[in-house]
Structure formats: structure tokens, C-alpha cells
Amino acid sequence: MNSSDLSQQMAQRWHDQVRMHTEPQRSCCEMECPAGLLPEIARWLFAELDYSFAGLIVEEDPAQWALRYEFHRAREDAPVQVLVRRALDEKTFPSISDCVHAADWHEREAEDMFGLLFEGHPRLGDFILHDDVWPEGVEPMRHQFNAQRSVPERRPNPHWRLRRIVQAPGAFAMPIGPVFSGLAESVHFQLETVGEDVIRCVPRLFYKYRGIEKIAEGRSPEDVLLLAERFCATSAFAHALSFSQAMETIGGVAPPPRARRLRVFLAELERLRHHVAALEGICESTALTVAASQMALLQEELLRLGGALTGHRYLFGLLTPGGLRCDLEDGACRRAIAATRDILRRLRQLEKMLQFSSSFLDRLEEVGVVGTKDARTHGLVGPVARASGVVRDLRKVLPYCDYEAFTFETPMESEGDGYARLRILFAEAAQSASIMQQAGAALCAGPVHTPCPSRPGAALGWVEAPRGAAFCWLRISEDGQVARYRLMPPSFANWHGLHLATENFAFQDFPIILATFDLSVAENDR
Amino acid sequence: MSQWVRIGIKTRIKTTHYPAQAETAPGVSPGLPQGGAYAAADVSSLVNLCPTKAISPGLVKDSLIVDYRRCIHCFRCVHGATTPLRWEKGWQWAAGGQKCDGVASGPEGNRLGRVFARSVHIIVVDAGDCGACLNEVKQLNNPYYNMHRLGFFLTPTPRHADILLVVGPLTEHMRLPLLKTYEAMPTPKRVIAVGACALSGGVFGPSFISGAGVGQALPVDVQVPGHPPPPLAILHGLLVAVGRQTPATITSGAPVSLEATTR
Ligand code: SF4
């Protein structure tokens, strides 16, 4: 549906209570509505029109709050932004998360960081700022809060405990983390159990919160690019790309064709490496060490490939708004493609061998099942969602970097269990290698950079990161500095849905469910 | 299952010969920029290019100092510069440590005794890293690097650990877990800070929620610079900690303390 159809339907339903602006340059349609109508409109978009929820952007203007709810659907439809404004002293908004579950954590975050209240939300409180470390009333994302000064008077409360839900005779809670198991990222789990089976699992995140959104404010776009690239290294290129694309939308420039192809090439290299690492994690979680070592070999080879090609194993320092900082040689790209071809061949061989390892399959099949309906209402993204029958690949839905010029299919499975997620990872890895080949073959001569001015304005940036849809919202102020950089990474969506897969499961399946969910704490904790 | 045995054998030995021999495969290390003598015209432009102030003018005229604790591999001193900084593709970067008060510790004082030389257990604490340093530490377990051959083992519990390896700038929420882990370790114990974030806060700190490195909370015995340091650099750091390799200096050009270069 194009935006004029949408506005007609809106006019029929809500008459002139909703105002629509379409900005062709930003390819986004904005609907401004009174706060009271918000739940109704959100429900209409999400439940009736099948839009996906991408995230909530809170901005504090000098005089008022602006809350933007991002929705998107299919290639023909422009993304929709529902905008609600309120005076600064009115801090209560209606909650939409009873219908759009995906908004749950976004609302909790806004409550924690801005001090907003969401009426009807069942569970606000300890979230990003841990209640046992921070005093009440700290609202770090407000403008008057100084990001550089440390907050005085922080006395950790050793007696603070996470809330327990399961109340039954013999029920107990097993705490895990934040420092646990050799090489895991810092996160805490509370497993509630009455014996053998774990009834529910609550992750407590944000041990690694570095306040990227706050410390980005007032810095130059060049500096914020460093943050975008470095808050989650396993998908560094993807996030830097989404930032650069937002800058390019604001600046009104398009990078030259060669830069776009090279971006696709490197983004797919990163996806391939990430998927191999995820597969290694799955093999490791099932204690299939030989397979894990084989995957580890492939991962190291891909890291070296990136290092030899770009100078950095995690592809840092290459992207810049307007294109790339330096050109890559065609010959080096061809060699890289040849190397990925060999890696893909070995990956296929491993896939086949895994399919015949019954002890491995037994541990993945019917483990951590997420149904299609749940995956949709909780707004899961990426390979996890595609394994549960929800295919929304931003490379197809909102194409960027000329992805529409490449032939590839987004894989889909419907079982929603660990094995389905494994198959998706294998299929996508193969596809990434094929897109790399296509992009390499389509490389044309030419520059790789056009100057990108830092104009005032705001835009949404997005990419299909290795873990799924990643959105960011960027606002540049009059003086050319970053006024707001909002990150909506895929892991934030998928951590929120983890509990769907961890209800009533056997304890020994826990590491396997975690590994197949392929979550990054750094990406979530940003 | 026999297929797995077969593929394992068929793969043969992939392990690097480092430290006995140098590793020459491409892409094992991003390298680090080098300080020293530069033309007068380039000095100020290079100093201004660096977003983290890792580059500062040297003590002698027409020279530059690069502080590796701050270098975040942004390559702006290469791709953006008229005369790029000299760049060297090594990895033996691990340097001796700093006490909490910023005083450099003696060259011998911080090493674990010889008894530990071939059986060292390491606990890794993620104090807010971006995933890169942790992933590079993880690579030490892969067949290419295989740190077990050198007597290094990961342990999940602080009670068994001799070395605390910390990555990340130290976020406010990880401060207490990190200190608890350190306290739970038996003595003698050593701390290795891995990565620019753990050494100086990197791009993240200091701020309201993230520190300026692990050194603010714990005495650091070995510093491994890099963003992230490649697996070989971390391996070098481990070998320095047990006295099997000589430490490098943390700056290139001339020694400076972290406080001497202003942010
Ligand atoms: S690569 Fe290192 S030294 Fe060079 S500009 Fe970046 S941070 Fe500074």
C-alpha cells in the first residue's frame, strides 16, 4: 500500500485527528496523532495491516517530548512513523505493548533512561540501570544529565534480588553469571525450577551498557561513526553501514556505484563470518568438538581474509558516510572470492556430516521451539525469526546498496526449533558467498567516495545485520553535531523473545538454546 | 561418528609455530602505527587526525609518539593522511604493567614464578567489550593458535585461576563482579588487560557509566594493546606474564605516561 492509500484509510477511521506528512526524500511517512489514539493506531498497523514494529525513538525537544514508533512492511510500502508529541511535564504515555509485544523493552528502556511512564505496562523498573547499583531518579538520557561526570553516591546494595515469579513448593532460583563459563559475554540468568525441569528463564542484561546513545550526543558524526562501528564488533560493518546510510540520507548524497558494490561485498563477508561463528557455537554447545574445531578453522580463515583484504580482521576503519575510506583492489577481491568458494565447499561438507550425526541432531530437534505467531508478536528478527516462519529481510523489504540487483532467496523454515535455526544459518551462509561473488563480478571502475555534508536533519538508517534487522535514528543539529543517535539492534529484539524458547525445558538444553538463538550481549547492551 | 575422526585426521596440523618461529600468514594482525621521526609539516596534521589523541608530538623536535593504549585502529592516520604514519605488521606488543596509581611496575616484579611456566589457568572477565577482544581470546582455543600446547588453560572459576584476563572498558555494572572475581582468586595472581578499551577506556570511557580502563580498579601486570589485539598478541601477553617472552613498550617513539597526554 502506498502512502496515499494509507492516508485515505486513516482519514476514514480517524478523520482529521491524524496528520500525515510524507517526505519523499526520506522515503518515510510520518503520522502525527494524539497520545490517546496511539494504542488503536499501533494495533491497526500491527495486527490488521501486518506491519512489523522496528522500535521506539524518544526525543526530548526543548519544549516537548516526541515519541516515534517505527513500522515497516513490504517493499511497496514506505516505512511508517507514528509520532506522538506531549509537553515536557506530561510524562505519561499509553503503553502499546499489550498488543505489540515487541514494544515491551522499548517502553521499559524509555522509562529507565528518560523517566517516562507507560500506562498499562505491567513491568517497569530494574532494566538498563540496575536497581542495586543506581539510586532512584537518575534519568541519563535527559538533556540536563552530564554524560561525562560520574554520578556520585552509588552504593551497591548487596541484598537486592531479582524478582521471582514461580511460586510453588520446592521452587528455587538458580543464578548464573554475570561471570560464568570460560568465554561467555557478561549476562545474568535466573533459572527458576522445581527440580529437573526449568520452568522459566529470565535474563538480566545491561551489565555491559556503555551508554552509546548518550555519549554520542554533541559529538561530531566522524566520532559517532567510531562508536557505531565499535559497540558490537561481530557486526561492526553492518552498524557502521546503517549509520553511514542515515548520514547520506540527511546529506542527500548517494555513494558511487563502486562503493555500493564493495559495501555489499564486505557486508556479506561479515555475515558469512558471523554465521560460521554462530555455527561453531552450536557445535560447541552440543560438545561436538571436532565439528566445532572445523568451524573454528573456517572462522579464523575468514578473519584472516578480512585482515588481508582490508587491513583489519573485523573490517574496522573502512566505512565513512559517502562511501569507503579507501579502495580495494579488484585482484584482492577476486582472491577473496576464490577463498570463500573453498570455505563454502568445506562448510557444505560439514553440513552434510552434521545431518548424519544423529547424536547432534537429537540435541537440536524440538529444542527451544518458537511458534510463528509468537515470533511475529514479539517482533523477532533475523535468522531466528526466519526459522519460525517469519521472513522479513531488509535487503528485500527496504533494499539499500542496490541489493535488489542481486539474486538471492531469503530462506525460511517453519519448525522454529534449534535444528531449523541451524539450517537457516547454513542456507544464509551459502547465500552470502553467492552475493559476494555477484558483487565482485559487478564491480565497476570509479571512485569510492563522494563528500557527504553534515546538514541539519534527521533520518532513519537500516541494514539487515547478520543477526537481523538493525535500525538507527540519527538527528544532526544546526551546528552539524549529532543530537540524537538511537540504536535499535537485532539482539535487543531477540533477547526479548528468548523467554519464548526457554519455558519448561531440560536444564542441559540451556546452552544449546542459547547458542541457536545466536545472541550478542554487546549488541544488546550497546 | 567415524567420519569426524577421519576429517580431524585429514585436516592435519594447522597450528602456528609461534613463538618458536615467526608467523607469516597474511591477515593475522592489523599491525600498529609507529612513532619516531617525521617531517615537521606532518607532525601537527597527524596529531590532529587521531580521534583518540593516541598520537602526540614527541619530546625531540619533529617526532611523534604513539600511545598504544589509545590507538583504536581507525586507520585515519593512514587513509586520511597526506603522509601516512609508518605502520608495522607485528604483534609482539604486550607491555609490562601499571599499578592502580599509574606507577609502572618493575620488569621482574609482576611475573608469575617459574612453577607456573607450563600450567597456567586463566579466567576471562568481560567488562563491557564489543565482542572483538573476547572473540580473539576465543581464537586462542582454535587449532590455528591452540594455547594448550603452551600450557595455558581457560577456567570458568576464579578459585582455579592464576591469571585474570580482562577485556572491555569496565562498565559501572561490571565493576563489582570484576572485583569479586579478583578477590576470589588465590595468590599469586596476575591481571592482564587486553585491548585499548581495557587500557584507556577506548571510545567509550570515561563517562557516567563506563570507566577509563581496568587499571582504575585493579593493578594491571601486563597490558596488551590493539583494538582488538589479534590472537597472537594476546598469546604474547600471556607469555610475558609468565616470563617466557620479553615485554615491549606501550608507546612508540618515547615513553609517556597515560596522564601526560591530555584527552
Ligand atoms: S589508527 Fe590509532 S594512531 Fe592512527 S589515527 Fe586511529 S587511533 Fe590514532
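How are helices H5(A) and H6(A) oriented to each other? In this predicted model, where local features need pLDDT of at least 70, side-chain atom pairs count only at pLDDT 80 or more, and totals for chains, interfaces and linings use all residues, side-chain values use heavy atoms, with hydrogens and water left out. Residues are numbered from 1 along each chain as its sequence is written, while chains are lettered from A and ligands numbered from 1 in the order in which they are written.

Two packed helices are described by the angle between their axes and the distance between the axes. Helix H5 (residues 221-230) and helix H6 (residues 236-251) of chain A have axes that come within 8 Å and cross at roughly 150°. Helices (H or I, at least four residues) and strands (E, at least two) are DSSP runs, numbered from the N terminus; axes are lines fitted to C-alpha atoms, for helices over the stretch in contact, and angles run from 0 to 180 degrees between N-to-C directions. H5(A) and H6(A) are therefore roughly antiparallel, a label for angles over 145 degrees. The crossing of H5(A) past H6(A) is right-handed, meaning that the near helix is turned clockwise from the far one by less than a right angle. Contact (heavy atoms within 4.5 Å) involves residues including Val224(A) and Leu225(A) of H5(A) and Phe243(A) and Met247(A) of H6(A). By class, eight nonpolar, two polar and one charged residues take part; Ala, Val, Leu, Ile, Met, Phe, Trp, Tyr, Cys and Pro count as nonpolar, Asp, Glu, Lys and Arg as charged, and the others, Gly among them, as polar.

Among the residues in contact are Leu298(A) and Leu302(A) of H8(A) and Ile343(A) and Leu347(A) of H9(A). This contact has 14 nonpolar, two polar and two charged residues.

Chain A also holds an open, antiparallel sheet of four strands in the order E8-E9-E10-E16; two strands pair if DSSP finds at least two bridges between them. Strands E8 (172-176) and E16 (503-506) stand at the edges with a single partner strand each, so one side of each lacks a neighbour in the sheet. Neighbouring strands are turned by 40° against each other on average, direction ignored. Five bridges join E8(A) to E9 (residues 188-193) of chain A, and Ile176(A) has Phe189(A) as its bridge partner in E9(A).

Key:
Parallel < 35°, antiparallel > 145°, perpendicular 65-115°, else oblique.
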